[in-house]
Amino acid sequence: MKIVLFGAGSAQFGYGMLGDLFSNRTLKGSEIVLVDINGEALKTVQHTADDFIARNKLDYHVWSTTDARKALPGADFVIISIEVGNR
């Protein structure tokens, strides 16, 4: 299964969604694509996900991109959480 998370550079959304996905046995083996316009924040979430997967020997493939056109082909699910403007 391929799951695309838009807004994944957000610590709250990105880490929260990854935690939920990693704890769901049905999704084991899934490809998870992290997407955000903030490349630096995205790198941080990607690095943390990679470390967590390795430490816990999880069966997930996580990768990230700032290009939605690369992320979307073949997606089974797309989850979007973005903020526009100031709070």
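**Exercise 1. In what order do the four strands of the open sheet lie, and with what pairing?**

Before we dig in: this is a predicted model, where local features need pLDDT of at least 70 and side-chain atom pairs count only at pLDDT 80 or more, while totals for chains, interfaces and linings use all residues. Residues are numbered from 1 along each chain as its sequence is written, and side-chain values use heavy atoms, with hydrogens and water left out.

*Solution.* Step one: get the elements. Helices (H or I, at least four residues) and strands (E, at least two) are DSSP runs, numbered from the N terminus. Two strands pair if DSSP finds at least two bridges between them.

Step two: read off the order, which is β3-β2-β1-β4, with parallel pairing. That leaves β3 and β4 (77–80) at the edges, each pairing on one side only. Neighbouring strands are turned by 20° against each other on average, direction ignored.

Step three: zoom in on one pair. β1 (residues 2–6) and β4 share four bridges in the parallel sense, and I3 stands opposite F77 in β4.

**Exercise 2. Check the length of α2 and find its buried side.**

*Solution.* Start with the span, where the expected value is 1.5 Å times one less than the number of residues. For the 18 residues of α2 (residues 39–56) that gives 26 Å, and the end C-alpha atoms are 26 Å apart, so the two agree.

Next, burial (buried: under 20% relative accessible area; exposed: over 50%; partly exposed in between; 1.4 Å probe, protein chains only). In α2, the buried set is A41, L42, V45, Q46, A49 and I53. Because they cover an arc of only 135° around the axis, they sit on the same side of α2; the arc is taken from the directions from the helix axis to the C-beta atoms. On the other side, E40, K43, A54 and R55 are exposed.

Finally, the cover: α1 (11–22), β2 (31–35) and β3 (61–65) are among the elements over the buried residues of α2. Contact here means heavy atoms within 4.5 Å.

Note on methods
Axes fitted to C-alpha atoms, helices over the stretch in contact; angles between N-to-C directions.
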